[in-house]
Amino acid sequence: MINIALLGFGVVGSGTAEVLTENKALIEARLGCEYNIKYILDLRDFPNSPFCDRIVHDFNTILNDPEVSVVAEMMGGSHPAYDFTKACLEAGKSVVTSNKEVVSTFGVELCAIAKAHGVRYLFEASVGGGIPVIRPMINDLSSNKINKISGILNGTTNFILTSMRDADASFDAALKEAQRLGYAEANPSADVDGIDAARKIVILAALASGKLLDPKSISTTGITKITLEDSKLAQSFNCSIKLIGYAETMGDKLLAFVSPRLVPMSNPLSRIDGVFNGILVDANMVGEVMFYGPGAGKLPTASAVVADIIDVIANRDADVKPLVWESATDADLADMGEYSCRRMFVFNTMDGVPMLRGAQVKECGGVFGVMTDEMTEKEVEKITSACGNKLVSVYRVL
Ligand code: NDP
Ligand code: HSE
């Protein structure tokens, strides 16, 4: 009998208990052994839940119980999630998590601790919700060098942008609905300001390069300044605006950033809507591979958490090669100024605006969208300072 403890009984934690219970017979048959949810740690009691008899409030009950060998952390936030994870690994318990804040901030240390104690630290649910992407990147793309990753990595913002585009919904109304559906972070600023996507792209970039960037160090722009006019201008250029996490290897350097981008209709990411996420990986042998599915939500995310629990149990006697990451240093970072792509500039007047290479102009609601040829970040900076307050915003094109 394998005893499992769950940390957090919110959206993902309750979903994980549900998946482990609903599909118990099927999972146990596949594993060839039985399991039991022994404890669920939360701050609250859940008197009406069928799991109310497992609820505990003292983490030490779990830590000090030698029968618990697998712990799923789904509390969110850095502390005490990181501290509990570290203590469990050091006590010889494997930990699985949906918490990308902890993985992206402490992943190097936690992977090393897991290795040192001969246990596993797995985080399939930390990127792409229910989409299998972490394990396929580690295992199935391991014969490839990864050149580029571009992804819609946040379900909440994709839900908001799709509602704004297709239903003319207001930003606030769409965010409220995403919160009601359980997609948003406890503090939705992490979603709408791009912070969550930054955490996820550094995790994916680390899988590709072995180097974990500090998510706070990468250029990150969210979706709060996108207007309905911008969205319509994008459509008039046959594009959709999507919040994109992007990483690229430039020689032996790594570039990563998050920003809203115009995605041309010819790119499959442009057609990924609502809470769905999509991750396009450009690898040197297989070419382009896309991962697609529900990027947030109770049961999809729980499906990924349980996949990790199953992996831990199934391989408990196997000698699995541990994941080893290093922290990226400044020397690993590519110069963002050299990054080049097409742009859409949005101006509030065309009077006195300089001619831009390859420019096509469209108008919507009193603002002008100017689509240009490729230019570097450095060139964009020059144009930005030359145009002053005539320039409302600039979008990168994917
Ligand atoms: P919720 O807020 O719904 O659940 C978190 C639960 O943990 C709450 O019940 C909370 O209690 C409890 N908790 C918080 N701190 C403690 C503590 N110190 N001790 C015990 N219990 C605690 O969050 P989600 O389930 O949505 O998210 C959980 C994690 O999964 C986060 O890291 C999130 O980023 C990630 N994630 C979420 C997805 C989603 O779709 N929701 C998808 C993918 C990942 P209380 O409410 O009383 O504070
Ligand atoms: N808040 C996150 C999102 C949850 O909306 O994508 C999934 O990681």
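Buried, as the word is used in these legends, means a relative accessible area under 20%. The views that follow show a predicted model.

View 1. The title pair belongs to helix α3 (residues 59–63), which holds Phe59, and to helix α4 (residues 81–90), which holds Phe84, so the contact ties together parts that are 25 residues apart in sequence. A relative accessible area of 8% places Phe59 under the 20% limit, and therefore Phe59 is classed as buried. Phe84, with a relative accessible area of 17%, is also under 20% and is therefore buried by the criterion given above. A pair of aromatic rings is described by the distance of the centres and the angle of the planes. The ring centres of Phe59 and Phe84 are 3.9 Å apart and the planes stand at 5 degrees, and because planes under 30 degrees apart count as stacked, the pair is given that label.

View 2. Aromatic pairs in the model number 12.

**View 3. Two charged side-chain ends sit over aromatic rings.** For Lys24, the charged end is placed over the ring of Tyr35, at 4.4 Å from the centre of that ring. For Arg396, the charged end is placed over the ring of Phe257, at 4.5 Å from the ring centre.

**View 4. A cis peptide bond leads from His79 to Pro80.** The omega angle of this bond is near 10 degrees. Pro80 is part of the loop between β4 (68–73) and α4.

**View 5. Asp168 and Asn238 have positive phi values although neither is glycine.** Asp168, with phi near 50 degrees, is located in the loop between α7 (155–167) and α8 (171–180). Its relative accessible area of 47% makes Asp168 partly exposed. Asn238, with phi near 60 degrees, is located in the loop between α11 (228–236) and β10 (239–250). A relative accessible area of 55% makes Asn238 exposed.

View 6. An N or O atom in the side chain of Thr156 lies 2.6 Å from an oxygen atom of ligand 2. A nitrogen atom of ligand 2 is 2.7 Å from a backbone N or O atom of Tyr183, and a nitrogen atom of ligand 2 is likewise 2.7 Å from an N or O atom in the side chain of Glu185. Of the 260 Å² of accessible area that ligand 2 has on its own, the protein covers 93%.

**View 7. Strand β12 pairs with β7 and with β13.** In strand β12 (residues 276–283), 6 of the 8 residues are buried, so the strand is largely enclosed by the rest of the structure. Its pairing with strand β7 (residues 146–152) is antiparallel and extends over 6 bridges, with Gly278 of β12 as the bridge partner of Ile152. The pairing with strand β13 (residues 287–294) is also antiparallel and comprises 8 bridges. Ala283 stands opposite Gly287 of β13, and a hairpin of 3 residues joins β12 to β13.

**View 8. Six strands form an open sheet with parallel pairing.** The order of the strands across this sheet is β3-β2-β1-β4-β5-β6. At the edges are β3 and β6 (121–122), each of which pairs on one side only. Within the sheet, β1 and β4 are joined in the parallel sense by 5 bridges, and Ile4 is found opposite Val70 of β4.

Methods: Residues numbered from 1 in each chain as written. Chains lettered and ligands numbered in written order. Predicted model: local features only at pLDDT ≥ 70, side-chain atom pairs only at ≥ 80, totals over all residues. Heavy atoms only, no water. Phe/Tyr/Trp six-rings, centres within 6.5 Å; stacked < 30°, edge-to-face > 60°. Helix = DSSP H or I, 4+ residues; strand = E, 2+ residues; numbered from the N terminus. Buried < 20%, exposed > 50% of the residue type's maximum accessible area, 1.4 Å probe, protein only. Lys NZ or Arg CZ within 6 Å of the ring centre and 35° of its normal. Polar contact = N/O pair within 3.5 Å; in protein donor to acceptor, adjacent residues only side chain to side chain. Areas by Shrake-Rupley, 256 points an atom, 1.4 Å probe, with all protein chains shown as cover. Pairing = 2+ DSSP bridges.
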